[in-house]
Amino acid sequence: MASSTIVKIMSDKITPSLGLKTLLKISNVLLLPLIGMVVFLALWAAVANNLETSLGKFPGPVAVLEQAVGLVEEHQAQAEKEAAFYERQELRNADRMAKDPSYEPNIRAFTGVPTFFDQIWTSLYTVGVGFFFASLIAVPLGIMCGLSKSAYAAINPLIQLFKPISPLAWLPLVTMVVSAVYVSDDPFFAKSFVTSAVTVALCCLWPTLINTAVGVSSVDSDLLNVSKVLRLNTWVHIQKIILPSSIPMIFTGLRLSLGIGWMVLIAAEMLAQNPGLGKFVWDEFQNGSSQSLARIMVAVLTIGIIGFALDRLMLSLQKSVSWDKSVNLR
Amino acid sequence: MHTSHLELSQVGIDFPTANGPFTALQDVNLKINKGEFISLIGHSGCGKSTVLNIVAGLHQATHGGVLLENQEVTEPGPERAVVFQNHSLLPWLNVYKNVELAVKQSKTVRGKAEIKEWVEHNLDLVHMTHAIDKLPSEISGGMKQRVGIARALSMEPKVLLMDEPFGALDALTRAHLQDSVMEIHAELGNTVIMITHDVDEAVLLSDRIVMMTNGPAATVGEILHIDLPRPRDRIAMADNALYNKYRHQVLQFLYEKQRKVEPVNPRKSVGGTKANAEVSAEINAEVKKQA
């Protein structure tokens with residue numbers, strides 16, 4: 001009797017709470033972010049409506065959406081122009097060839113103004129290259145610092161000195177050095193690209209380097225003893241014990257680095273007038289038309305979305321190389 | 001000239017602290033014959049693990065030294081394989097690969113087929129072939145320790161060092177593993193040094209029990225020869241008068257001669273003693289408060 005009553009009370013209590021739980025879960029995943037977004041848009045629209053600038057009203061969500069559509073259309077128009085240009089060129093060359101078989105066809109590249117999407121691509125490519133080379137240096141150097149106290153003692157003052165330097169302070173130096181050193185008649189990369197990438201790399205180094213060093217130096221001492229008893233050589237030791245142990249910290253560093261690299265790149269492009277999203281923002285600002293602010297706002301939001309996407313990309317990379325699948329990475 | 005298989009002579013170790021060097025071990029002398037099973041027993045903090053680590057080469061003795069087959073021990077190596085207290089398997093490698101990592105370091109086992117055979121042979125010794133593809137996180141604590149033992153055995157060590165190998169296991173699992181270790185010892189005849197807190201475990205497994213005094217400056221207190229015939233059966237031993245006498249002797253040493261909660265004997269005026277006496281006094285006060 002008593003036990004059946006208890007069961008009944010329990011089941012009464014459990015069923016609605018289970019329903020409530022799923023409901024809470026849905027609201028956490030969908031409803032609450034949606035509410036946050038709506039409140040943000042409403043506030044934005046309200047503030048924008050009451051904000052006069054010398055370039056007209058500050059763009060609200062609707063104006064920005066219009067400009068976003070406009071930028072897509074511009075890109076499509078440009079793409080059509082480009083296709084038409086190459087078609088004309090091909091026709092013209094075929095024509096000349098038919099008249100005069102010895103004619104060497106002269107192929108010229110399309111030289112239209114880079115659109116918003118071209119600029120996005122340039123920026124992504126630049127940050128990717130800068131980040132890649134920075135990581136290629138920072139991870140091994142970090143492992144070295146983590147393994148050897150002497151290496152750490154030698155490198156640590158330099159890390160502390162260079163870490164807080166703003167990328168914009170590096171920029172003039174990098175620009176001059178690249179112009180002086182990277183001399184080539186037929187450069188494979190544009191100088192502006194190299195400058196931006198080097199600046200990004202200089203700022204991407206530090207978080208990865210520091211986090212890798214910390215991760216490597218905090219490997220479980222029992223595992224280090226295993227390695228000593230087995231007399232693993234340095235390479236096997238790094239490969240089998242150090243790297244798997246410090247993967248989480250290395251990735252924390254890489255994610256911080258990529259985030260910083262992306263911020264740095266936009267600033268560098270604005271300052272140095274190097275192609276990319278930063279230049280787009282600066283050009284629009286200089287252009288000063290009534291649509292400029294809305295177009296800048298599109299770029300600003302795009303920068304945010306791409307930064308977010310890059311972090312997610314690193315996260316999924318981390319998930320794929322992480323050995324401990326039970327850890328909830330976020 | 002007859003020398004022992006493994007010899008610890010005048011081993012002592014000082015650890016640097018803020019109050020000057022702290023002498024953890026002093027004048028530890030021990031001669032161990034080939035194939036002997038030795039247990040080191042003593043209260044926690046008495047330096048048992050330090051003795052083991054010195055034999056393993058993970059710590060360097062400040063005074064004296066360790067000779068294995070007349071060669072001084074200066075660094076860790078597979079001929080002195082260690083079974084760690086908390087198994088210390090690499091969590092990212094499965095059971096097979098954990099053992100394989102050790103086998104690949106071996107100089108006698110070569111070639112893919114031979115490595116595979118040797119890994120499987122050692123896992124078979126500890127009855128773990130059924131979980132060969134499992135990650136350490138997927139098997140129980142007892143199974144992990146079995147794999148740890150297989151990994152140590154696969155190095156074909158001259159001396160097997162076990163640091164409280166069953167300390168983290170429940171009583172039933174521990175009994176199973178003790179039986180396994182006795183079985184393996186009977187089959188392979190390795191020299192074994194095992195650290196333990198467990199009096200029954202020490203008496204059941206050992207040829208000799210080395211009882212250590214409390215630190216600081218801990219050393220060998222008494223050595224007890226266990227003259228029980230092998231194979232030993234734990235159920236038969238429960239009623240064996242000799243077994244119980246040995247057991248009694250160890251207990252007497254631990255709980256009468258070397259009682260832990262007493263203040264440190266002021267006679268031993270070594271560096272760090274004062275700090276230690278203060279700590280002991282604090283512990284005593286704490287114990288009284290709780291009582």
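**A tour in questions**

Guide: A compact globule of 330 residues would have a radius of gyration near 20 Å, whereas chain A has 28 Å. This is a predicted model: local features need pLDDT of at least 70, side-chain atom pairs count only at pLDDT 80 or more, and totals for chains, interfaces and linings use all residues. Residues are numbered from 1 along each chain as its sequence is written, and chains are lettered from A and ligands numbered from 1 in the order in which they are written.

Visitor: What makes a residue of chain A count as buried, and what percentage does?

Guide: A buried residue has 20 or more other C-beta atoms within 10 Å of its own; exposed means 12 or fewer, partly exposed lies in between, and C-beta atoms are placed from the backbone. In chain A, 29% of the 330 residues count as buried.

Visitor: Which elements does chain A have?

Guide: Chain A has 10 helices and 2 strands. These are DSSP runs numbered from the N terminus: helices are H or I with at least four residues, strands are E with at least two. The order from the N terminus is α-β-β-α-α-α-α-α-α-α-α-α.

Visitor: Why are β6 and β10 of chain B called edge strands?

Guide: Two strands pair if DSSP finds at least two bridges between them. In chain B, 6 strands form an open sheet in the order β6-β7-β8-β3-β9-β10, with mixed pairing. β6 (80-83) and β10 (220-225) of chain B each pair on one side only, so they are the edge strands.

Visitor: How do you know that β6(B) and β7 of chain B pair?

Guide: They share 4 bridges, in the parallel sense. The definition asks for at least two, so they pair. One bridge partner of B:Val83 is B:Met162 in β7(B).

Visitor: What makes up the contact from each chain?

Guide: Residues are in contact if their C-beta atoms, placed from the backbone, lie within 7 Å. Chain A gives 14 residues and chain B gives 16. On the side of chain A that touches chain B, α7(A) gives the most, with 6 residues.

How values were computed
The radius of gyration is taken over C-alpha atoms; the globule rule is 2.2 Å times the number of residues to the power 0.38. Two residues are in contact if their C-beta atoms, placed from the backbone, lie within 7 Å.
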